[in-house]
Each structure stands twice: as C-alpha cells, then as structure tokens.
Amino acid sequence: MTEITTFSVAETLKALKNKEFSAVELTKAYLHNMENGRQYNAYITECADVALKQAEEADKRYINGTNRALEGIPLGIKDLFCTKDIRTTAASHILDNFVPPYESTVTQHLLDDGAVFLGKLNLDEFAMGGSNETSYFGPVINPWSKDKPLVPGGSSGGSAAAVAAHLCAAATGTDTGGSIREPAAFCGITGIKPTYGRCSRYGIVAFASSLDQAGPIAQDVRDCAILLKSMAGFDEKDSTSCNITVPDYESFLNREVKGLTIGLPKEYRPEGLNPEVAAYWDKAAEYLKARGANIKEISLPHTKYALATYYVLAPAEASSNLARYDGIRYGFRADGQHLDDLYINTRTQGFGAEVRRRIMIGTYVLSAGYYDAYFLKAQKMRRLIHNDFMNAFKECDVILTPTSPITAFPIGDESMLQNPINMYLNDVFTVSVNLAGLPALSLPIGLSATGLPYGMQLIGKPFDEGTLFNVAAKIETDAKFERK
Amino acid sequence: MAEYIIETTKGKWEVVVGLEIHCQIISKSKIFSSASTEFGDDPNVNVSFVDAGMPGMLPTLNKECVHQAVKTGLGLNAKINKYSEFSRKNYFYADMPTDYQITQFRYPIVGEGEIFVDLSDGSTKKIGIERMHIEQDAGKSIHDLNPTKSYIDLNRAGVGLMEIVTKPDFRSPEEAGAFLRKLRSILRYLGTCDGNMDEGSMRCDVNVSVRPVGSDELRTRCEMKNVNSVKFVMQAIESEAKRHIEVYENGGTIEQETRQFDPTTGQSKVMRKKEFAHDYRYFPEPDLPPLVLTDEYIEAVKAEMIELPDAKKQRFIETMGLTPYDAMVLCENKENAEFFEKAAAGHDAKKVANWMMSDFFAMLNKKRLDITQSPVSAENLGRLVELISTEVISGKIAKDVFEIMSETGENPEKIVEEKGLKQVTDTGAIETIIDTVIASNPDNVTAYKNGKTNLAGWFVGQVIKMSQGKANPAIVNKLVREKLDK
C-alpha cells in the first residue's frame, strides 16, 4: 500500500492542488490496492478504464485551474446506485447483467464535482441484511478480521470494508435501517445517513422507499462533511426530496459544543447492555461534557416497538418495490410455460433467501385481513416514534447512543443464520432513526477487548446534519481512534 | 320517467346498475413521467425509464393531469378533495412494468357529485357520482402477432386516467346510455378527455344486479369489464339482467364475478370468479407525497370553467327562445353550440336553429364533414337567415343560395347580388306580371269567378314562376286575390 492511499479526502484534495501527485498516479495507487485487496471481496465490479479516464480529465483540470470540489478523488460506489453504462447489480442474481442507461442523481452530483469512480461495491442483496452475507457475489470480509473472517456489517459492507482497507478514498452508501452506520461502526470508520429527503433517491435501486437514504462512508468526520455537501440537494426527479439549502458542512467542524445539550435516551440502556458498549457511551458523553456541553437523560418511550415496526414497514414496501424484477424487461429471466411460470421461476431463482423472506413478510402484512393488524398499526407506531424524537428535541440538540450493541461477528455465525431475528436485533439502535426520517452519524469510539471497533451514533434534528458534524468532530478529536 | 321493468311469467324485476368509467386524461405528457401521450405512434417510442419500470426510477406527478382532474370534478358538480393520496395497487401483469399501478384508493381527488341526464320521454334524472380518482394506465399486450409469443407496447403505460365511479342509480339501459353520452359531452366541453370509446380513451365497466320490483335490497352484482361503446353498454345491461333473472327464477344464486361482454353474441361470459379475485394489497405510495390543493388553486380552476351543456341549454331556451329539444341537440357538442351562437348573433335564433338542424347538418352529413370543416361559416349562415327575415329572398331561393354556399363558401349577400336573386317587393312590377298572367289565362279567370277560388294558388304560382322566383309570395298572394276579386 502506498502512503497516498492512506490520506483522507481533505488531505488528498490538498495534495492534488499542490501537485504533490497527479490524479492518475493516485487512481493507479488505489487500483493497485484493489488488486491486492481482492480477498476482501469489496468490489462487485471494478472499472479501471473508466477511472483512469476520469483521472486524466481531473489532471487536465488541475492544470488549467478548472478543478472542482472533488476533482480526482477516487470513490467506490455502492452497487445500489445506478451508474450509466456501468453494470449495477444490487448484489442480486436477478440484476447481474443489468447495465443502466442512466445515472443516479447522487452519483451524477459526485461526477459533476470531478470524482473518479473506481468500481461498484458489494452489499447485501438489495441492501437487505446487516452483515453483507446475503450478497449473490459472496460475503465481504472485514479488514479488522484476525484469526477468522468477520463480517463488515451491512448492507453497505463493501463500502465500509473498502474505505477501511483503503481500496477507495471514500464511498457512497445507503441506509434503510442502519446500512451506513452499522458497517461504519464494524469497520472503524465514519458514515452519515442524512435526513430523509436530503439526498435524491432517483436512480438508487429502491428497497423501502420511505426509509432509504444515501450518504457517505469515509475515513473521518471531515470527509463525510465534504462528500455529503456534494451528494445532497433537491432533485425534482424525486418527489420526496426537500428543497432546503445544503449548507457548507465543513464550516460546522470548528464550532464548539459548549452550551449544546446532548440527550442520552434511557431506553437505549436496557439491562444486559454489553458493558463495553455502555462504558464507551459514557466516555463519549464525558468528552462532550468536558467541553461544556450539557448531558441530559431523555426518554424515547416507544423505542421497544421500533424493530417490529421497521420489520413490518420495510418488507411491505420492499415486496412492492421488488415486484418489477419479473424477468420481462431486463435482468435475469428463467423461462416458463406460461407467464405465471416465468414470473415464479425467474423470481425463485433470481432472488436469494433473505430477499424472498422479506418479500413474503411484506406481502403478508399488506394482505386483505392483515393490513390493519400489521401495516396500519406499524404506520401508527411510526408516527409515535417520530413524535418521541420531536419531543426529545425540545430538551436536547443532539442524541448520543451506541451505533450497535455488538462488534463485528464471524461470517457464517450459526445463531444468526438459524434465526434471522437474531440478525435483526443488531439494528435495534439504528432503525428508529429511519422511521423518524432523522439524520444520524456513526463514528468510531474505541476497540473492544478483542480489538474490534465500536461506533457511537449521533442523531440530529431534521436537516440539522451540521450539528452532527460539529459534535462528531469533537468526539473524534478526543477519542483519538486509530483507523486501519 | 318511463319505467324499465322486465316481466316474466313468474314476476316483475328491475335492474340496478352502476358504472365505472376510465377516461384518459388529455395532457401532453404522462401522469408520472415526461414521456409523450401521443396516440398511434410506433410501439414503444413514447416510453421513459420511469414508464418502463427501470430500477431506481421514481414517479413525479404531472400538474397538468391534476388540473384536468379538478376541472372534471367541477364539471361533475363534485366535491374537490383538498387532500388526496396515491396508493399502489399490486398485481403482476406483463404490460404493467412496475407490477403495481399507482392509483388513488382511500383518498381520491374528487368526492361525491351529480349529473343530470335527459331521457327520451323528455324527463331528466339525477345520477350520483360516488368518486373520481386519478391513476396511470397500463401498456398493451398484443397476442395475435405470433403463435407462441406476446408482444408488449408500453406507449400507453403511464398515461393519466380518471376513474369515475357512479352510484348504483341506473334503473334501465337507456339511463346508462344517456349518462355516458352526457358524460362524454361534459368531458369534451372541458377538453379533459376526448371520450372516444372505440379508441379506448373512454372505457366502461358495468355493474349489474336485479331485484323484484318494489324491493330495495341490493343483490349480488356482476361486473362486465371494458365494454367499448354506448350501444354495447346498453345491450350488456339488458342481457346480464335477463341472465340474473333466469338464474333466480330457476332457484339459483348469482356469484360475484367479473365477466366479459361479447357484442357479437350479445352475451357475457365469466372472466374471473370471486375466489380468483386479486388481493391488490393497496398501500400508500411512498414515492409520492400526499396531494394537497389550496382553496386558491381550486378557485382559480373554477374561474377557468366554461359554460357546460346544461347551463348552455338552459340559456338557449330562456334567452334565445329555442325549444328544449333543439337546445339539447345543439348543446350536446360544444362545437355545434359555439357555431350556433356565432351564427345566431344578431339574427333570428330560432330560424338559425332550424336551419342548422335541417339543411346545415344534412349538408355536413352528406359531405362527411366535421362542423369545424364546414364550408358554410357561422357568420354566413347567420347572414342567410337575415336575408330571409328581411324578405330580401324567399325561403325557397334561400335553399338555392345555401346550395351554392356549401360549394363555394361564399357570402350569401354576394351570391344574391351577383345572381340577381333579390326578391321583388315592388308592387308595381308584381302587378305588371299579374296583369300579364290574368290576360293570358281568361278561362281560368272565368272559372275562378264562377267559384273555383282555389285557382288563386295556381295564379300565384304562375306569377312567381314568371318572376323567376323572385317575387315576394306574400305580396303576390295579396295582389292576385285583389285583382281576381275585382
């Protein structure tokens, strides 16, 4: 690994401007890392040719002074973002031959700012999973693995692993129930899920439309601030995107936390919470307190219903969103005698077990006779969970919680494979945020006794990502976490 | 109102019918994408990535379609709902690319309304509108091009539809037919749907049940899908009602089912039994926020509303002196009504109406022309009527002038001038002709004087003939009698 690939995005931009190295040199260095890092299985598709061309263009711009905000920064793109003329699979057999003729709005923003795309990153199939084990292209290996291979978290497992292993300078992710934050925590890096509506969903393969949000996964808080500024923004092609000015997030990094009130939800500290997690949580609160922030216990009374609510609503939307993968117009097709056979064969062979499970759950909860008992009730609960947060934000500015109750676990963990509920329980601290549509950031706080990273989560008011960057930057400084 | 009762040897029955009408919205682009709605293009040319259900594509609501829907709602005298929601109706079909239809379910854009239909006995009947919602159309599957393959054309996929649901207010085929014609007339006036049932831009599902006369129960209904003409709707109601009655009278029960009416046999057959009915798993469309309309918006659409057939008909009767029948016929079509108003401006409206409904429409029919293509302009038709009213020409000459107008499109005043067709009203000139006719027919004069007074008509005819039709018949009549009676 060459030294230049350990630089943060901010450092790399500075170096490129100072012509310490060229964008082509930089891209080649990352391509070299990718080649040597294939054991992580982080990329589904590598696109060296495209990347080098983009890097050449970047170098020209640095020479003629028309360089843009992310000129020449080599990024990995979660393979859920449609990229024009680059295969986009959603890590599913059913889309493994799909080449979109269009570009997602978020990746277009990155391209417009001069970013270089190294390739498409692995994920759980259709972003359904918390370990990256449901990918049709095989699991991703966490770069923190020691004696046995560990999961990187999911669903943005390829993104988190690639950033941690320096197979890209930063990556895009998406987060429906924790898919940016959990892998960021498991891989000892930083990621932010912005407010619902902050980033356009246009061109992102949909999982659960009312919960999905794109966001960056990067080495540190500043890099996330830089990337989110580029990715975010109103898009008339997404009716759920919000027309609210995107501030300069980097400017929040130097603000103080003095006077801010940090809420610690008591429901997130159940009996039996992993003592290491509890200790790091207290430590993070102490850092902020020492800097003059007020620490306050708050209550989010409906927390215990969040997982159940999420696992009704997300599959319901997914069951409908994934209906279009029917073998008729694009993607994988298995033949059949009749139209119904064609559908059944295509979808049975094209989707993996977890995706099929969620389609079935979603179909069930929307069915006649069950809609009121499941879907409608879950929608009502979602409103109550949202209200919990709005009430809490009357008495605090930011909420601090752990990102996950555990650290990365081994690939093929029996208890999780045998009972999917055990896997779903890992999302307990993250799903409420998606249900409420709030912004939340995860950053590394320290290592477990076994040497694996823990993450801290900061939850903000709607469209107040700035304050998250402000507070996160202070924890980052004080925690002095050493990345891979 | 004429009652429609089906009488058998065993009893008397009445029909209960409700309609669901899918109306394609007139708009430049589709309801959730920017693709064109052009009809008749090559297959699959007007298809955006959104219409094709590509991964990651999102619908965006076309404001023009909302505007058309609100206009239509106002035209149905219906409540415009300030809050409405889109929902997904989930089912798999090859010509529906997302395998769900974006529609409105719990909260439609238009609520209850009513329209009045004119029946053949001169009465009118109020038909209740239950609701109207907007949704997207599906594409078309083509099964007859290849023995083993089906082809799909997505040009229509995503075109905006308004689905109008009536209350079960119809008690006869005639009422349903009159309603469809009235609805079509309103939609065409508004310019929100072209109403062409044969092209599929207006499609009707018919729900039929029967009950013994005097009962107010609602029995099991059957739905006949996509009946594509007014005539077929009326036939379908009649045949379906008779089928129900036969089943009931033989001790059977009617199952709720979806049927297809075949106009060639006049019968319907089962498409889908109730147990195979889809579970559509409706839920709120997460890709589109609720549609919220402001009072100002609704008021602005109201302000754009034009006069609709009922109001126009009333005005034609009250202020222009038309008979209800003439007014109804002229108002059914907006272009006819507009032509009439233009032609009648400043002239004798009743006479203009008579001319339009006889010679003018006959001419268009003969020439197979639409009123907008008429060689005779509204202004010129008005001028022609004026020439008659002011006795410049006679009604008989007017028919000749009209004949020329329909060939050349010329101004009738010019034709009358150039061809010297002006009616002679100068009594001196007419008297000269009468004197000549009397002088050259002494026998008839004698006969007249001996009591054969009906010969006066013969003299009048001779005089007019001699004047080449230009002599004013009233004056001729008067003078002939004066001279003969002398």
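User: What makes the approach of the backbone oxygen of Phe81(A) to the side chain of Lys120(A) a polar contact?

Analyst: In this predicted model, the backbone oxygen of Phe81(A) lies 2.9 Å from a polar atom of the Lys120(A) side chain. A polar contact is a pair of N or O atoms within 3.5 Å, where, within protein, one atom must be able to donate a hydrogen and the other to accept it, and residues adjacent in sequence count only if both atoms are side-chain atoms. At 2.9 Å the pair therefore qualifies. The backbone oxygen of Arg87(A) lies 3.5 Å from a polar atom of the side chain of Lys120(A).

User: Why is Lys120(A) called buried?

Analyst: Lys120(A) is called buried because its relative accessibility is 1%, and the term applies under 20% relative accessible area, with exposed meaning over 50% and partly exposed in between (1.4 Å probe, protein chains only). The residue lies in strand 3 (residues 116-121) of chain A, where helices (H or I, at least four residues) and strands (E, at least two) are DSSP runs, numbered from the N terminus. Leaving aside neighbours within four places in sequence, Lys120(A) is in contact (heavy atoms within 4.5 Å) with residues including Ala42(A), Ile77(A), Asp79(A) and Thr88(A).

User: What are the conventions behind these values?

Analyst: Residues are numbered from 1 along each chain as its sequence is written, while chains are lettered from A and ligands numbered from 1 in the order in which they are written. Since this is a predicted model, local features need pLDDT of at least 70 and side-chain atom pairs count only at pLDDT 80 or more, whereas totals for chains, interfaces and linings use all residues; side-chain values use heavy atoms, with hydrogens and water left out.

User: How do you know that Tyr196(A) is buried, and which side chain does Tyr196(A) meet in a polar contact?

Analyst: The relative accessible area of Tyr196(A) is 18%, so the residue counts as buried. Tyr196(A) is found in the loop between strand 5 (190-193) and strand 6 of chain A. The side chains of Tyr196(A) and Thr240(A) are joined by a polar contact of 3.4 Å, and the backbone oxygen of Ser209(A) lies 2.6 Å from a polar atom of the Tyr196(A) side chain. Among the residues in contact with Tyr196(A) are Arg201(A) and, from the other chain, Pro286(B).

User: What makes the pairing of Arg201(A) and Asp287(B) a salt bridge?

Analyst: The two side chains come to 3.0 Å, N to O, and a salt bridge is a side-chain nitrogen of Lys or Arg within 4 Å of a carboxyl oxygen of Asp or Glu; the pair therefore meets the definition. The count between chain B and chain A is 1 salt bridge, alongside 16 residue pairs in polar contact, both residues at pLDDT 80 or more.

User: How is the area between chain B and chain A described?

Analyst: The two chains bury about 2800 Å² between them, 60% of it on carbon and sulfur atoms; buried area is the accessible area (1.4 Å probe) that two parts lose on being put together, summed over both. In terms of contact, 31 residues of chain B touch 42 residues of chain A.

User: Why are Arg358(A) and Glu354(A) separated by about one helical turn?

Analyst: The two residues are 4 apart in helix 11 (residues 353-366) of chain A, which accounts for that separation.
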